[in-house]
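Work through the exercises below with the sequence and the coordinates open. Each task is followed by a solution in steps.

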Amino acid sequence: MERRDFFKSGVLGAAGLALASAPLAALSSCTKKPRYNTELKLSFQEGTAIGETLEEKFDYMESLGIVGFEPGGQRLVNDFDKIQNALQGRNIKVSAICAGFKGFILAEDSQKELFDTTMREIVAAAGAIGSTGVIMVPAFNGQQPCLPHTQATRDYLCEELAKLGEFALENNTSIILEPLNRRECFYLRLVADAAAICRDTNCKGVKCMGDFWHMQEETSDYAAFMAAGKEYLQHVHIASRGCRAMPGEDGEEDNYVEGFRALNELGYDKYVSFECGCIGNKAEAVPAAVALLRDQWALAQK
Ligand code: MG
């Protein structure tokens, strides 16, 4: 197609013509990003909170203003009533559910059926407790026998995810695809790729997330979250960026401001959940990490 025909034929042509004739003041107002007073909703996995029992952990989380709890899938299924009771009357809700299923979705053998059964059991429990979704990875590097990394496999993945996503929707929750770094999951490394898979499933029950630790794969935290957008971004994991400890334990490296800026501009209203270890004294490192993230969130809102 000739360039002139291309501009005549499409929306891009109309937009281009409008831009060409727009006054300068209107153009500069187009570039201004909307401001949100988005709340930072922090969540802990069970191992992050200090305390022996669930009650002690939730008391500790409440003392720090933590509003989300991310249990593992098996823990949720096994101790559903216990978790539900311990959350009664608290300002803490279950955020996402961290995996916990057996098998994997791209397995070539009976591990696929095992995945289907155990994943659906976790999804049903996740919906019943009001969780945003269940986190999953299509296949870790070491999982075998695995379907080859081909176009046909990607099509199959989208079809299978769509079925699972429909089941999640029926249960008022979602499936959350988590991209990892190349050492753990070569198959899915980028938030934008996970979002593209969500789009191609054409199912509103299939979502994705970003994990600041694995986002070492990204060229830009900001661009990664913006590519997923509010439509697909359902959860965020956070850790220090050098050795996956408490945010702040890797010093200057632990800068989340650009990622937080994207979350603010999107009006992201889900959770930022700790998935990390701790190098130092937890009693000091955990409150310091929470304070650091709140400071950086405030910086991102400026
Ligand atoms: Mg993670």
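The exercises concern a predicted model and go from the whole chain to single sites.

**Exercise 1. The chain as a whole**

Task: State how many helices and strands there are in the protein chain, and what share of its residues is buried.

Solution. 
- Step 1. The protein chain has 12 helices and 9 strands.
- Step 2. Of its 302 residues, 49% are buried.
- Step 3. Take the contacts between residues at least 6 apart in sequence: 77% of them join residues at least 24 apart.

**Exercise 2. The metal site**

Task: Identify the protein donors of the magnesium ion and give their spacing along the chain.

Solution. 
- Step 1. The protein donors are Glu178 through OE, Asp211 through OD, His237 through ND1 and Glu275 through OE. They lie 2.1 to 2.2 Å from the magnesium ion.
- Step 2. Along the chain, the donors follow the spacing E-x32-D-x25-H-x37-E.
- Step 3. Glu178 and Glu275 link distant parts of the chain, 97 residues apart. Glu178 is in the loop between strand E6 (175–177) and helix H9 (191–201), while Glu275 is in the loop between strand E9 (271–274) and helix H12 (282–300).
- Step 4. Glu178 and Glu275 are both buried.

**Exercise 3. Aromatic pairs**

Task: Find how many aromatic pairs the whole structure has, then classify the pair Phe101 and Phe115 by its geometry.

Solution. 
- Step 1. Two quantities describe a pair of aromatic rings: the distance of the centres and the angle of the planes.
- Step 2. A search of the whole structure gives 8 aromatic pairs.
- Step 3. For Phe101 and Phe115, the ring centres are 5.0 Å apart and the planes are at 85°. Planes over 60 degrees apart count as edge-to-face, so Phe101 and Phe115 form an edge-to-face pair.
- Step 4. Phe101 lies in the loop between strand E4 (96–98) and helix H7 (111–128), and Phe115 lies in helix H7, so the pair ties together parts that are 14 residues apart in sequence.
- Step 5. The cut-off for buried is under 20% relative accessible area. Phe101 has 16% and is therefore buried; Phe115, at 0%, is buried too.
- Step 6. Phe212 is in the loop between strand E7 (206–211) and helix H10 (221–232), and Tyr256 is in the loop between strand E8 (233–238) and helix H11 (257–266), 44 residues apart. Both Phe212 and Tyr256 are buried.
- Step 7. Phe212 and Tyr256 belong to one aromatic cluster together with Phe225, Phe260 and Trp297.

**Exercise 4. Charges over rings**

Task: Which ring does the charged end of Lys41 sit over, and which face does Arg261 lie over?

Solution. 
- Step 1. The charged end of Lys41 sits over the ring of Tyr271, at 4.5 Å from its centre.
- Step 2. Arg261 lies over the face of Tyr222, 4.4 Å from the ring centre.

**Exercise 5. Backbone exceptions**

Task: Is the peptide bond from Gln144 to Pro145 cis or trans, and are Asn172 and Asn202 buried or exposed?

Solution. 
- Step 1. Most residues other than glycine have a negative phi, and most peptide bonds are trans.
- Step 2. The bond from Gln144 to Pro145 is cis, with omega near -5°. Pro145 is in the loop between strand E5 (133–136) and helix H8 (151–170).
- Step 3. Asn172 has a positive phi, near 60°, and is in the loop between H8 and E6. At 66% relative accessibility, Asn172 is exposed.
- Step 4. Asn202 has a positive phi of about 55° and is in the loop between H9 and E7. With a relative accessible area of 73%, Asn202 is exposed.

Note on methods:
Residues are numbered from 1 along each chain as its sequence is written. This is a predicted model: local features need pLDDT of at least 70, side-chain atom pairs count only at pLDDT 80 or more; totals for chains, interfaces and linings use all residues. Side-chain values use heavy atoms; hydrogens and water are left out. Donors are N, O and S atoms within 2.8 Å of the metal (3.2 Å for Na, K and Ca); water is not among the atoms, so sites may look incomplete. Helices (H or I, at least four residues) and strands (E, at least two) are DSSP runs, numbered from the N terminus. Buried means under 20% relative accessible area, exposed over 50%, partly exposed in between (1.4 Å probe, protein chains only). Rings of Phe, Tyr and Trp (its six-membered ring) pair if their centres lie within 6.5 Å; planes under 30 degrees apart count as stacked, over 60 as edge-to-face and the rest as tilted. A charge sits over a ring if NZ of Lys or CZ of Arg is within 6 Å of the ring centre and within 35 degrees of the ring normal. Contact means heavy atoms within 4.5 Å.
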